[in-house]
Amino acid sequence: MKKLFLALSVIVALAAGACDDAVPTGPDGASFDSGRAGPSVLNVMTWNIYVGADLTQLLAVGGLEDVPCAVFGVWQDVIATDFPTRAVAIADQIEASRPHVIGLNEVSTFAFTFGSTPDLVFLEILLAELDSRGLNYDAEATSTNFQVALPIAYTDQCPADPQDELTYTEYDVVLVRDDVETTGAANGTYAAVLPLPLPGGITLEKPSGWAFVDILHKDLPYRVFSTHLEPADIGPCTTHPDLLELHYYQALELMGILAASEVPTILTGDLNSDASGCTTATYPDLIEAGFVDAWTLGRPLGQGFTSNQADDLQNATSELFHRIDFILYRDAFTAAGGNFRGSSHAERVGEEPGDRIASSATGSSVMLWPSDHAGVVAELRIAPGRGHRK
């Protein structure tokens, strides 16, 4: 894991204020509060932890009679990517950085109606692993993005009669460390939804969602979002033409939701918008709207690719090829001029070959990446009171 420290000194800014009898102020009355000693160090993580299979293969099923065995094929892929083991690798990275707040994407639940197979609940597994290490986090905000119940047959020989019903649910989640005070939370789904055509003329609607938590850190308020937009960006510098318009409207709605925040705001998530701006305008639009990117603060950190490893997570050499997962920050100062008053220490996690873990489901000789995405962690040192309205 590469640890790169980026520093943008706040000493000059604070000293300049100290020389003036007046309280130094910024846009909209934002001011430095001398009663709050030292910078507000806020550790934030974002990670798409991966459902564990390519679900789009279900859309290629020829007829209804093939759905139960196709669902079984997807389920076998999920078992092979072994989330209970991957949760250990994810928890290793959380333990190393101990973020105050974590935004998670593709948090999944696989539930079986008749109980012939144990349910697989990602959030419960991860929280239990963290708790076993004395790391106490609570899921303070959760958006239910998508839920579908499908018949499953325990065979890959098609066609096949169903033997059970599998309900898949996918969430965005904001975890908050238990020593951080929360003051509110909200969640929702975007109005623009993805139509999924299934055999037999059936069309499902797949929403995407957002969730945020309001916290107090060093007596200052922050709003922390997690979201996952539809993948119009399939990279490198390539778009999915059928998803561009949908992605645009989701991003537009997100911008409106973010604009309603009256406190410094942190946006985390898999935005499916290349940081280069070569696919969708979502990332550059957010920067234009006053957000700063924790990855780009200070000296260049490199390309910082975060997506995607192979679907089965077994590739020996990293295949990450574009940066679509972000920690973005906006307050009154950044909104006015794009300048961040503080410093940032940002890094990727789960991207090094040494971060892989031996699978307990398919044998110790099989090494799995923690996710098909790298996570991103940022230690934001925010100058006291900067960007907070009085």
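Contact here means heavy atoms within 4.5 Å. All the views below come from a predicted model.

**View 1. Leu 104 and its contacts from elsewhere in the sequence.** Setting aside neighbours within four places in sequence, look around Leu 104 for Trp 47, Ile 49 and Leu 126, all in contact with it. Leu 104 is also in contact with Tyr 171, Asp 172, Val 173, Leu 175 and Ser 226.

**View 2. The largest nonpolar core, with 53 residues.** Good places to start are Ile 49, Leu 104, Val 107 and Phe 110, which touch the most other members. Among the elements that give two or more residues to this core are the strands S1 (40-48), S2 (101-112), S4 (137-152), S5 (164-177) and S7 (194-198). The helices H2 (67-81), H3 (83-97) and H4 (122-132) do likewise. H2 gives the most, with seven residues.

**View 3. Another core, of 27 residues, lying apart from the largest one.**

**View 4. H3 crossing H4.** Here the two axes come within 9 Å and cross at roughly 50°, so H3 and H4 are oblique to each other. Their crossing is right-handed. On the H3 side, the contact is made by Phe 83, Pro 84, Arg 86, Ala 87, Val 88, Ile 90, Ala 91 and Ile 94. H4 brings Phe 122, Ile 125, Leu 126, Glu 129 and Leu 130 to the contact. Sorted by type, the residues of this contact are eleven nonpolar and two charged, with no polar ones.

Conventions: Residues numbered from 1 in each chain as written. Predicted model: local features only at pLDDT ≥ 70, side-chain atom pairs only at ≥ 80, totals over all residues. Heavy atoms only, no water. Core = buried A, V, L, I, M, F, W, Y, C linked by side-chain atoms within 4.5 Å. Buried < 20%, exposed > 50% of the residue type's maximum accessible area, 1.4 Å probe, protein only. Helix = DSSP H or I, 4+ residues; strand = E, 2+ residues; numbered from the N terminus. Axes fitted to C-alpha atoms, helices over the stretch in contact; angles between N-to-C directions. Parallel < 35°, antiparallel > 145°, perpendicular 65-115°, else oblique. Left-handed = near helix turned anticlockwise from the far one by under 90°. Nonpolar A, V, L, I, M, F, W, Y, C, P; charged D, E, K, R; others polar.
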